[in-house]
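Let's take a walk through this structure together, starting with the overall layout and then moving inside. Have a look at it first.

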Amino acid sequence: MPIRASRSGGRRRWPRFFLDLDWFVESPGGSSMGRGLELTVRGARLPIACRSRFAEDVVLHVSLPARERLFRARCTASLSEGRGWVLSFVEVAPDDLQLLGHTLIGEFGVLALPGSSGKPRRSPAAAGVSRA
């Protein structure tokens, strides 16, 4: 089975990798903390089913190795039926993103990072470019 299987229907096109790290999510609708999550450089999956629902916008904090400060990402959250909460990164500081990339490469090799061919394409209209 290839590590980067292409998927259709708007589903993710790169794998998430499990890391045994402490994390905390804060949201106006509720918060949660735990250990162990699946990560990519574009999002995360928390293997929990909260009794209270998160708001759509949440902030994820992760204790990455070799870092005194917590990794922080502003995310959108959606509940994946039976699989936990899926968080898509909306805003991540460049140094946090770089450290996450180094962590994933250190644990899983270069295949942990999506290549340029695996990036979702944006239409000119979505990018704010007019074709006039």
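Helices (H or I, at least four residues) and strands (E, at least two) are DSSP runs here, numbered from the N terminus. With that in hand, reading along the sequence gives the pattern β-β-β-β-β-β-α, in other words one helix and six strands. Keep in mind that this is a predicted model, where local features need pLDDT of at least 70, side-chain atom pairs count only at pLDDT 80 or more, and totals for chains, interfaces and linings use all residues. Residues are numbered from 1 along each chain as its sequence is written, and side-chain values use heavy atoms, with hydrogens and water left out.

Now for the inside. A nonpolar core is a set of buried Ala, Val, Leu, Ile, Met, Phe, Trp, Tyr and Cys residues joined through side-chain atoms within 4.5 Å. The largest one has 27 residues, and Leu37, Leu46, Leu60 and Phe89 touch the most other members. Two or more residues each come from β1 (17–27), β2 (30–39), β3 (43–46), β4 (57–62), β5 (71–80), β6 (84–92) and α1 (94–108). The largest share, five residues, belongs to β1. Zoom in on Leu46: leaving aside residues up to four places away in sequence, Leu46 touches Trp23, Val25, Leu37, Leu60, Arg83, Gly84, Trp85 and Leu87.

Next, the helix. α1 has 15 residues and reaches 21 Å from its first C-alpha to its last, close to the 21 Å expected (1.5 Å times one less than its number of residues). Asp96, Leu99, Leu100, Gly101, Thr103 and Leu104 are buried in α1, and the buried residues of this helix pack against β1, β2, β5 and β6. An α-helix has 3.6 residues a turn, so residues three or four places apart point the same way.

How values were computed. Buried < 20%, exposed > 50% of the residue type's maximum accessible area, 1.4 Å probe, protein only. Contact = heavy atoms within 4.5 Å.
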